[in-house]
Number of protein chains: 4
Amino acid sequence: MIVVMKSHADLTDRDAVLTRLAENNLKGHLSEGEERIVIGVVGAKIPAGLEEQLQSMSGVQTTLRITRPYKLAGREFQQHNTVIRVGDLEIGGGTPVVMAGPCSVESAEQLLSTAHAVKAAGANILRGGAFKPRTSPYAFRGLGEEGLKILAQAREETGLPIITEALNTRDVELVARYTDIIQLGARNMQNFALLEEAGQTGKPIMVKRGPSATVEEWLLAAEYILATGNRNVILCERGIRTYETATRNTLDLNAVAVAKRRTHLPVIADPSHGTGKWYLVAPMALAGLAAGADGLMIEVHHDPDRASSDGPQSLNHLNFAQLMQQVRRLIAALEPELAVA
Amino acid sequence: MIVVMKSHADLTDRDAVLTRLAENNLKGHLSEGEERIVIGVVGAKIPAGLEEQLQSMSGVQTTLRITRPYKLAGREFQQHNTVIRVGDLEIGGGTPVVMAGPCSVESAEQLLSTAHAVKAAGANILRGGAFKPRTSPYAFRGLGEEGLKILAQAREETGLPIITEALNTRDVELVARYTDIIQLGARNMQNFALLEEAGQTGKPIMVKRGPSATVEEWLLAAEYILATGNRNVILCERGIRTYETATRNTLDLNAVAVAKRRTHLPVIADPSHGTGKWYLVAPMALAGLAAGADGLMIEVHHDPDRASSDGPQSLNHLNFAQLMQQVRRLIAALEPELAVA
Amino acid sequence: MIVVMKSHADLTDRDAVLTRLAENNLKGHLSEGEERIVIGVVGAKIPAGLEEQLQSMSGVQTTLRITRPYKLAGREFQQHNTVIRVGDLEIGGGTPVVMAGPCSVESAEQLLSTAHAVKAAGANILRGGAFKPRTSPYAFRGLGEEGLKILAQAREETGLPIITEALNTRDVELVARYTDIIQLGARNMQNFALLEEAGQTGKPIMVKRGPSATVEEWLLAAEYILATGNRNVILCERGIRTYETATRNTLDLNAVAVAKRRTHLPVIADPSHGTGKWYLVAPMALAGLAAGADGLMIEVHHDPDRASSDGPQSLNHLNFAQLMQQVRRLIAALEPELAVA
Amino acid sequence: MIVVMKSHADLTDRDAVLTRLAENNLKGHLSEGEERIVIGVVGAKIPAGLEEQLQSMSGVQTTLRITRPYKLAGREFQQHNTVIRVGDLEIGGGTPVVMAGPCSVESAEQLLSTAHAVKAAGANILRGGAFKPRTSPYAFRGLGEEGLKILAQAREETGLPIITEALNTRDVELVARYTDIIQLGARNMQNFALLEEAGQTGKPIMVKRGPSATVEEWLLAAEYILATGNRNVILCERGIRTYETATRNTLDLNAVAVAKRRTHLPVIADPSHGTGKWYLVAPMALAGLAAGADGLMIEVHHDPDRASSDGPQSLNHLNFAQLMQQVRRLIAALEPELAVA
């Protein structure tokens with residue numbers, strides 16, 4: 001950390017900062033320019049909270065944190081890519097994976113129909129929501145455990161591992177009993193108790209980026225899980241909130257490319273939530289892979305205009321099958337070293 | 001709701017929409033223009049989810065929802081202002097209230113010192129965090145129940161009612177046992193289980209607006225609580241996330257004025273989180289009241305550069321006392337009918 | 001257009017709207033629901049400004065414009081893609097083009113070095129700025145006409161057509177004398193006099209999207225040029241301003257995919273300005289093509305750390321050559337029908 | 001400026017930076033910590049462009065600019081408030097001013113009617129657009145010089161000085177001949193040729209903040225004018241673009257308070273454009289003054305639902321007169337030292 005003093009700070013201000021550093025077992029290395037003093041902070045460990053305190057001290061103009069605030073999630077901590085194994089499947093292992101299925105589990109018939117269709121088209125993982133976060137208290141909130149049982153049945157029939165969301169700390173244990181990967185939703189990216197509770201199950205966890213989260217905050221959410229000892233964390237970019245209204249969200253593929261540089265964790269792109277329009281899913285899915293994503297999450301429904309939720313952004317079975325052909329052609333063109341970009 | 005058909009939609013498309021409406025016990029009132037058909041939806045109750053389904057149907061260009069998605073929170077439901085009573089204090093009753101205190105409860109000595117200071121300066125409610133949401137897993141997370149006990153002690157000594165945050169469903173019962181008002185934080189605005197759990201305590205609940213929540217989503221969060229039967233809901237604007245980096249957040253006073261029109265619930269402004277800079281708190285506090293807020297929430301610390309959290313945005317005791325003098329002068333100038341704006 | 005009346009609007013309000021429509025040679029088609037009246041506006045031409053007037057009338061809740069506000073730019077006006085010919089080169093013709101070169105023309109030596117390098121690597125068009133818009137009045141503003149002459153010399157030596165920016169109406173004629181394509185910058189997207197002045201030259205014009213422009217506003221900027229009779233308009237997405245600070249801008253590839261649906265004009269992606277970081281240019285360039293862009297604009301400098309401007313986002317010659325290999329592989333994998341997405 | 005080296009930067013990297021600094025007549029002051037080297041840059045003048053070059057050098061992680069990029073606009077350059085005199089009126093002199101009038105000059109009758117009304121209600125300056133920037137090429141673009149003549153006539157009749165917008169460098173001389181204050185619009189905040197051309201007239205210039213401009217960029221736009229030798233610059237906050245759709249823009253009063261700290265120039269708030277809704281103008285006007293604004297700009301029309309532009313955000317004569325009563329009461333309550341905040 002660097003502490004930049006104001007141009008009119010005096011020696012008392014400077015010494016107060018040095019004393020404060022000493023109280024925290026740190027040294028201040030002075031760099032006195034013509035206009036102002038800059039203090040480089042030297043020491044093994046900078047306590048959490050110290051930076052804000054320094055910013056509040058008399059004569060301090062600003063501070064500059066140089067090291068990233070996350071540790072376990074960073075490439076500095078682990079240079080090679082984390083590869084997460086779910087059965088025979090590898091996530092982050094070089095070949096992109098495709099997670100597909102309906103927004104909500106609505107019935108056994110509905111889920112099994114789509115499960116078989118996405119399997120046939122080449123998907124690797126089945127998605128489906130049993131607990132649904134809804135902006136309005138009056139909307140459909142999912143089938144709950146009944147939905148989890150249907151997901152498990154679909155796994156049995158198709159062999160596809162499943163991913164489904166846990167909404168609350170109360171649901172975690174139940175969801176973990178059924179699912180292969182626990183999904184934590186965008187609205188819950190900073191639900192810290194949930195991050196920790198999910199982490200403690202030891203299951204692979206996919207953390208969606210919050211709609212106004214920076215890449216750094218997203219990686220800090222992953223850090224919460226990693227700090228529980230669970231190293232099986234997957235990131236998922238699903239669109240951020242901007243001023244643009246032509247799309248439901250703005251899928252931020254820049255963040256995929258940035259995250260691939262900063263972290264060793266696998267990164268998935270979700271063009272369904274990212275755009276909110278089924279006709280934008282294909283171009284943005286391909287773009288996501290080209291930007292270096294380790295996989296895709298795609299909403300598929302056998303009859304989108306009867307879907308309980310997210311119909312406007314769901315592909316039907318035929319559109320999904322066509323997209324998968326394009327995906328395969330693209331993956332073949334993108335060699336592994338390129339995908340890392 | 002209105003369904004707008006595409007210009008090239010055909011009769012089959014049109015009839016499919018009419019049939020779908022009929023399935024939901026609704027009628028479609030056709031308006032056939034030169035270029036396209038518009039269908040007005042007539043009926044007592046439009047099921048949740050139907051709008052998305054219609055958007056997914058062949059030939060449908062868009063839908064327009066006319067009524068607000070919340071009910072209990074709206075001025076249509078209740079025209080007069082909700083007044084919330086906490087002891088002798090009225091929130092939303094015409095005279096703005098001031099909630100003040102430290103970000104975190106750090107010790108009995110610290111909290112009591114600030115509690116007496118804000119009481120002397122004219123604050124009405126004492127704030128202080130016992131459970132702290134932190135972006136990084138390595139930061140200070142609060143004293144927990146020990147902090148709640150200190151808050152209760154401060155209430156006893158000063159007579160000020162207290163407000164403190166519940167972070168998780170697990171904490172709600174504990175927090176409710178001690179506090180007068182439960183605060184739900186910005187990151188938890190769409191933690192729906194928490195909204196409901198807090199609502200069920202029957203305590204007054206203050207819901208902070210999420211950093212990328214629209215006014216509509218904020219009112220829907222309030223609706224979650226109202227739907228539990230708890231009518232004691234307070235809204236708090238605390239800054240949204242924009243591209244501007246000169247402030248920590250962008251305190252959105254437009255939202256205060258909009259909310260005062262749309263809802264009967266009291267609205268509080270929080271210039272401390274809204275700006276992130278102690279020297280911007282005074283002008284934005286006064287601006288908040290002028291925009292029609294029913295009160296302010298202000299962070300105060302006896303020694304901001306020793307604060308465990310939020311030091312840079314905390315007023316010291318002297319600055320707070322000065323602000324309260326300005327606040328009183330402003331309130332006197334703003335007559336009641338003006339405050340409603 | 002549809003006019004939605006408030007639920008408590010009365011017959012006087014309704015009739016005033018109908019009268020206002022009649023004054024404008026329009027008819028109002030009434031749709032009276034249980035709760036409110038909706039008026040469909042029928043007629044050949046809705047005057048500009050009428051929508052805002054209706055919104056201001058007593059009893060009107062809102063209006064809904066159904067048709068897009070642009071005409072010449074829309075797919076409704078022209079279904080097939082516009083193909084712009086610059087010498088032998090086709091922009092929008094199915095095979096993506098690559099525009100490359102330095103941010104600023106700094107000297108003949110510098111530009112010629114890079115011009116030969118990008119030509120050798122496979123670029124189709126040479127870019128370089130002679131007039132530079134700068135946020136600070138104290139920054140380098142380009143060589144002016146001297147820069148244009150150097151660009152023309154580079155064209156002669158390499159055979160590459162050139163693109164360069166016109167900043168002001170005063171420069172347009174001069175720039176048009178030298179360049180093959182006139183670029184209008186993001187800050188000037190709503191400099192309407194400049195749009196028209198550039199349009200009147202008849203030269204191909206590339207319009208960059210403003211950093212906070214919606215897709216609709218971007219297409220309206222193109223409409224300004226098209227309305228001059230000049231049909232050679234190219235769009236360029238170069239990143240929007242969001243809350244995220246990990247990148248200089250947020251390259252919005254969603255907008256590329258949306259624009260390809262709404263307009264017949266070619267769309268270029270600029271990952272250099274879009275990300276601001278040279279190491280993000282390659283993944284986002286590939287993603288741009290996968291999203292359906294008709295080409296790329298890439299900043300290249302022979303020695304980025306000596307560049308007069310935009311060094312941090314410029315590729316050096318070697319990195320650009322490597323990227324072009326990846327670009328060729330990707331284009332081969334993306335068949336034409338896929339690129340249209 | 002401070003240059004932070006990467007943790008794995010080597011001595012060659014370090015020496016290259018030091019050499020580059022020396023080439024620019026600067027010294028580098030080394031601060032070697034345990035993990036990395038930090039170089040403080042010492043010298044009289046850091047050339048524009050050097051920071052970007054340093055960022056592009058091998059081994060450099062980041063740079064930190066400490067001094068503000070503007071000079072003449074900053075409080076460091078001039079501590080006391082700039083007071084701009086227009087006839088007998090002072091802008092920035094402690095007592096807030098009110099600029100009011102229609103969005104567009106539509107006719108002599110219309111403008112004179114409103115001019116007399118706002119004068120009677122207590123406005124100090126008359127606003128009205130003769131040249132109108134319009135998003136669509138098909139919208140009303142103003143009466144041009146005819147509009148300027150009408151404005152001059154209204155000045156003669158009422159004694160109110162006038163403010164009107166210059167859209168292009170071509171209009172500046174004409175507009176300057178008629179107006180007392182030249183307004184530069186939000187879309188033109190970075191139209192640098194226009195800033196300079198307007199500056200060179202010597203007239204007072206009011207620069208509106210661009211809809212996605214930071215406070216720093218806004219002050220740099222003012223710097224362009226100040227650098228022409230014209231010190232009569234007024235800033236105007238008129239709303240930024242955010243994700244929120246409940247208002248047309250988000251009036252950012254935080255920026256008013258920030259600007260009042262950083263610059264000595266007067267700052268005006270425009271709640272009409274800032275909110276886009278006439279019923280939000282009053283609360284946000286009062287909030288603007290409470291936040292420390294030196295004045296207000298308010299759109300007023302004698303018959304908003306017949307306005308050529310901006311009807312939905314225009315007050316009628318009666319509403320404006322009522323607002324002015326509230327404004328006077330508020331100004332009386334806000335003592336001068338408070339307004340500076």
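Is A:Arg20 buried or exposed? With a relative accessibility of 4%, A:Arg20 counts as buried, where buried means under 20% relative accessible area, exposed over 50% and partly exposed in between, with a 1.4 Å probe and protein chains only.

This is a predicted model, in which local features need pLDDT of at least 70 and side-chain atom pairs count only at pLDDT 80 or more, while totals for chains, interfaces and linings use all residues. Residues are numbered from 1 along each chain as its sequence is written, chains are lettered from A and ligands numbered from 1 in the order in which they are written, and side-chain values use heavy atoms, without hydrogens and water.

A:Arg20 forms a salt bridge with A:Glu23, the closest N and O atoms being 3.8 Å apart; the term stands for a side-chain nitrogen of Lys or Arg within 4 Å of a carboxyl oxygen of Asp or Glu. Both residues lie in helix α1 (residues 11–23) of chain A, 3 residues apart, about one turn of the helix. Helices (H or I, at least four residues) and strands (E, at least two) are DSSP runs, numbered from the N terminus. A:Glu23 is partly exposed, at 44% relative accessible area.

A:Arg20 also forms a salt bridge with B:Asp305, with the closest N and O atoms 2.8 Å apart. B:Asp305 sits in the loop between β14 (295–299) and α11 (317–333) of chain B, so this pair joins two chains. Both A:Arg20 and B:Asp305 are buried.

A second example is in chain D, where the side chains of D:Arg155 and D:Asp180 meet in a salt bridge of 2.8 Å, N to O. D:Arg155 belongs to helix α4 and D:Asp180 to the loop between α5 (169–178) and β10 (181–184), so the pair ties together parts that are 25 residues apart in sequence. D:Arg155 is partly exposed, with a relative accessible area of 24%. Salt bridges with shared partners join A:Arg20, A:Glu23, B:Asp305 and B:Arg306 into one network.

Chain D also holds a closed barrel of 8 strands, β7-β8-β9-β10-β11-β12-β13-β14, with parallel pairing; two strands pair if DSSP finds at least two bridges between them. Strand β8 (residues 125–127) is joined to β9 (residues 162–165) by 2 bridges, and D:Arg127 has D:Ile163 in β9(D) as its bridge partner. Helix α4 (residues 145–158) of chain D packs on the sheet, touching β8 and β9, contact being heavy atoms within 4.5 Å.

How values were computed
Axes fitted to C-alpha atoms, helices over the stretch in contact; angles between N-to-C directions.
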